[in-house]
Amino acid sequence: MCGTCGCGDPEVVPVEVHESLLAGNEAQARHNRAHFASAGLTVINLMGAPGSGKTAVLEATSRMLGPGCRIAALAGDLATENDAQRLRRAGIPTLPITTGQACHLDAGMVHRGMHHLPWQGLDYLFIENVGNLVCPALYDLGQSANVVALSVTEGEDKPLKYPVMFKAADLVLVTKADLLRHLPDVSLDAISDSLARVMPRPQVIVVSSATGFGLDAWVAWLEARRSSGAQRVVAGLAAHGAGDPPR
Amino acid sequence: VHEASIVQDLLERVGALARQHGASGVHRVSVRLGALSGVEPGLLAGAYEVLRAGTACARARLDIEPVDARWECGSCGNELAAGAALRCRSCGGAGRLAQGDEILLERVEMEVP
């Protein structure tokens, strides 16, 4: 009832919420991250424009890591399973996630995918996101790190046009470096300058999946990521052993 | 285009809040959207118009408050110039986004009997 005059009209009350509109996805992502951490799994969310070389990077990564390293992939695509087939041919057990009209993967899709992929005992899981420089940046999947592939043919100012994506990147792989000799007007310095205006801690590795250029630096970055993740798990266990309540 | 799925989550959340408060109607829904949130206010408003029919928000107005992006130094707090490299000119610290990535449901005004 109206509190002012008791007239019997309903009262309009403001309810303060202050909650992320992505709260549902964020909760699912935390759940995924806890699973990945308990399995000691390093999860890379690989994003980039269509044709930026994401699948080729993963094919080359499989060659570089060799059979001693246990890896798998989830491959998001709107309509086909072509990328998943390419990754399987490269020796990577891969589950395709066909999103239909959805332009990105979300944490729920990844979680459902994990039910169909034997992921316990893996070293790395690579999530090849849908080719898109806009939507995937918003959706936390529970990954250890975001990596964005940016090919040298995409334009030096691409990061300035898609700041949300590059702001979310832990690492940018500048791909297709073998094409640079055909592109006299493209400067790596100009690409780095654009990245520095949208990424607070720009980390960039220039690679060519075709020639193998730079892939050793990329693999070293992955291994550093993996060992820092392992240290966090050990530190968490130590804290737990010291009497913290179980979480 | 993810605005439609965000609006669907918004409608469900507001519907749950209205039920929780025993509301007989929702008058106004207020959200805050940062310039670097990746959500386009015009597309969000358009998706809301299409999707709200038959929900608790059928007659509710959507207010979108835009939030500018502002970067500051993560070490000394100096404001960093828009469009420049995200590195502090005085201390060399890396930039930190002080505001501008909000995708927030702020407030729901509802009719309580």
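Which residue in β6(B) is the bridge partner of A:V13? In this predicted model, where local features need pLDDT of at least 70, side-chain atom pairs count only at pLDDT 80 or more and totals for chains, interfaces and linings use all residues, the partner is B:M110. Residues are numbered from 1 along each chain as its sequence is written, chains are lettered from A and ligands numbered from 1 in the order in which they are written, and side-chain values use heavy atoms, with hydrogens and water left out.

The pair belongs to an antiparallel pairing of strand β1 (residues 11-20) of chain A with β6(B), over eight bridges. Strands are DSSP runs (E, at least two residues), and helices likewise (H or I, at least four), numbered from the N terminus; two strands pair if DSSP finds at least two bridges between them.

The contact (heavy atoms within 4.5 Å) draws on 37 residues of chain B and 29 residues of chain A. About 2,700 Å² is buried between the two chains, 62% of it from carbon and sulfur atoms; buried area is the accessible area (1.4 Å probe) lost on putting two parts together, summed over both. On the chain B side, B:H2, B:L36 and B:I103 supply 17% of the area buried against chain A, more than any other three residues.

Two salt bridges link the chains, a salt bridge being a side-chain nitrogen of Lys or Arg within 4 Å of a carboxyl oxygen of Asp or Glu. One of them joins the side chains of A:E19 and B:R13 (2.5 Å, N to O). Among the elements of chain B that each supply at least two residues to the side touching chain A are α1 (3-20) and β6 (103-112), and β6(B) gives the most, with 10 residues.
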